[in-house]
Amino acid sequence: MKLFRVVPLTLAAANAFVARHHRHHKPVVGHRFSVGAVDTVLDELRGVAIVGRPVSRGFPQYSVAEVNRLCTDGTRHACSFLYGAAARVAREMGFEKIVSYTLPEEGGVSLRASGWERVAITAGGEWGCAARSRVTQNPQPKWRWEKPLNACAAGGVDYSVLG
């Protein structure tokens, strides 16, 4: 029996869930897509994944997607389900890789269970600059997780014409 089903969500609906349930982050400003995990027995939304452009300027924005927020109400296996669903949707959209970040005290069991790999730790700290000031919500070092999606999908595509 399937525990969850995937549903598409508007950014407003996903952000409303994040505002109610996330323990240390606020809602996001934009997204590429958002999905929800609906409990198949009770037909209730148990979690959301908001996927957008990579926050780091080091990643190409047209070939890499980033899970900017993943939030659940604590329902068992909802995080793993959402990481897997986000990766599948991103793959279908043609992204080459999907990334996400966790705090050092978060173990990453859900990411590992859905096929992601822990690849690096960030330096942490504030990351605004004179041209673009930012207030970092959580300036400590974070683990970066990645999952390759379409290794050769972008072959010879020139993404610069898109933006």
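1. S114 counts as buried, because its relative accessibility is 11% and buried means under 20% relative accessible area, with exposed over 50% and partly exposed in between (1.4 Å probe, protein chains only). The residue lies in the loop between α3 (109-113) and β6. Leaving aside residues up to four places away in sequence, S114 touches S80, Y83, G84 and K147, where contact means heavy atoms within 4.5 Å.

2. On the basis of these values: this is a predicted model, in which local features need pLDDT of at least 70 and side-chain atom pairs count only at pLDDT 80 or more, while totals for chains, interfaces and linings use all residues. Residues are numbered from 1 along each chain as its sequence is written, and side-chain values use heavy atoms, with hydrogens and water left out.

3. The chain holds three helices and seven strands, where helices (H or I, at least four residues) and strands (E, at least two) are DSSP runs numbered from the N terminus. Along the sequence they follow the pattern β-α-β-β-β-α-β-α-β-β. Of the 163 residues in the chain, 40% are buried, and the accessible surface comes to about 9,100 Å², with 54% of that belonging to carbon and sulfur atoms; these areas come from the Shrake-Rupley method with a 1.4 Å probe, and for residues only the protein chains shown count as cover. Among contacts between residues at least 6 apart in sequence, 65% join residues at least 24 apart.

4. The seven strands form an open sheet in the order β1-β2-β3-β4-β5-β7-β6, with mixed pairing. Because β1 and β6 (117-121) stand at the edges with a single partner strand each, one side of each is left without a neighbour in the sheet. Neighbouring strands are turned by 30° against each other on average, direction ignored; axes here are lines fitted to C-alpha atoms, for helices over the stretch in contact, and angles run from 0 to 180 degrees between N-to-C directions.

5. Helix α1 (residues 11-21) packs on it and touches β1, β2, β3 and β4 (64-72), its direction making about 115° with that of β3. Helix α2 (residues 78-92) also packs on the sheet, touching β1, β2, β3, β4, β5 (97-102) and β7 (143-148), and its direction makes about 155° with that of β4.

6. Strand β2 (residues 33-39) deserves a separate look, since seven of its seven residues are buried. In a regular strand the side chains alternate between the two faces of the sheet. Both faces of β2 are covered, with F33, V35, A37 and D39 on one side and S34, G36 and V38 on the other. Strand β1 (residues 4-9) pairs with β2 in the antiparallel sense over six bridges, two strands being paired if DSSP finds at least two bridges between them. V6 stands opposite A37, and P8 stands opposite V35. Strand β3 (residues 45-52) is likewise antiparallel to β2 and joined to it by six bridges, with G47 as the bridge partner of A37. Five residues lie between the strands in the hairpin of β2 and β3, where D43 takes a positive phi near 55°.

7. A search of the whole structure finds zero disulfides, a disulfide being a pair of cysteine sulfur atoms within 2.5 Å. The sulfur of C79 is 8.3 Å from the closest cysteine sulfur, in C71, which is too far for a bond. C71 counts as buried at 3% relative accessibility, whereas C79 is partly exposed, with a relative accessible area of 24%.
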